[in-house]
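Here is a short report on one protein chain. Keep the sequence and the structure in view as you read.

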Amino acid sequence: MSPFSPFSSPTKLITDDFKLIPSNKAAKTRPVETIPVIETSNKFVRLMELENQNELPTESPKISLPTINLKLTEDYNLTLQEICRQFPKTNNKFNRGFIRITSFSLEQRNKIIEFLNQSGKEYVVSEAPENRPVKTVIKGLPTTHNKDLIAKELQENNFKF
């Protein structure tokens, strides 16, 4: 059999002869580069601290003002001009067939609603995000599970449904 045959025994291929390779052809040793540590921040760390200390945050919560959605009519431009004259700091944007009117204070918002009522305009008032109910989805329950037990548990944890 040939010494290079795939069926030859491995003992015939192993030899004790080593050849020295010139240094210009040898692989050069490379210094080991240290990988820099990537620092990340966790924006929820403050919540963990509060949960551990059972404290409430000292800063007052930010109050978001719900928008007023004015229905588009033929004379919507005149209505917007009047609102901008009376309340110059309002922000008005077109959104899905309505004009979204955002005010900077609750008093101003109430006055805009009064103006729209007096002029007989159609509008929709949205709820503030803090006042909206929390939506929950429960997945993976068997169909034979008792729904009354789930409702009772949700009521005990102050969920409204």
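Start with the contacts between residues at least 6 apart in sequence: in this protein, 55% of them join residues at least 24 apart. The model is predicted. Its mean pLDDT is 79, and 80% of the residues reach 70 or more. Confidence is lowest in helix α1 (residues 10-13), with a mean of 53. It is highest in helix α4 (residues 106-119), at 90.

**Overall layout**

The protein has 5 helices and 4 strands. Along the sequence they follow the pattern α-α-β-α-β-β-α-β-α. Of the 161 residues, 15% are buried. The protein exposes about 15,200 Å². Carbon and sulfur atoms supply 55% of that area.

Now look at strand β2, strand β3 and the loop between them. F94 lies in strand β2. R96 sits in the loop between β2 (91-95) and β3 (98-102). F98 belongs to strand β3. How exposed is each one? The table gives the values.

| Residue | Relative accessibility | Class |
|---|---|---|
| F94 | 58% | exposed |
| R96 | 77% | exposed |
| F98 | 29% | partly exposed |

The classes follow from cut-offs. F94 counts as exposed because its 58% is over 50%. R96 is exposed for a like reason: its relative accessible area is 77%, and the cut-off is over 50%. F98, at 29%, is partly exposed, because that class lies between 20% and 50%.

**F94 and its patch**

Which residues make a nonpolar surface patch of about 300 Å²? They are L72, Y76 and F94.

**F98 and its contacts**

Which residues does F98 touch, leaving aside those up to four places away in sequence? They are N69, L70, K71, K93 and V124. F98 and T73 are 25 residues apart in sequence. In space they are 9.6 Å apart, C-alpha to C-alpha.

**To recap**

F98 lies in strand β3 and touches residues including N69 and V124.

Methods: Residues are numbered from 1 along each chain as its sequence is written. This is a predicted model: local features need pLDDT of at least 70, side-chain atom pairs count only at pLDDT 80 or more; totals for chains, interfaces and linings use all residues. Side-chain values use heavy atoms; hydrogens and water are left out. Helices (H or I, at least four residues) and strands (E, at least two) are DSSP runs, numbered from the N terminus. Buried means under 20% relative accessible area, exposed over 50%, partly exposed in between (1.4 Å probe, protein chains only). Contact means heavy atoms within 4.5 Å. pLDDT is the predictor's confidence in each residue, from 0 to 100. Accessible areas come from the Shrake-Rupley method with a 1.4 Å probe; for residues, only the protein chains shown count as cover. Patches are made of residues with over 30% relative accessible area and no salt bridge: like charges are joined within 9 Å, nonpolar side chains (Val, Leu, Ile, Met, Phe, Trp, Tyr) within 5 Å. A salt bridge is a side-chain nitrogen of Lys or Arg within 4 Å of a carboxyl oxygen of Asp or Glu.
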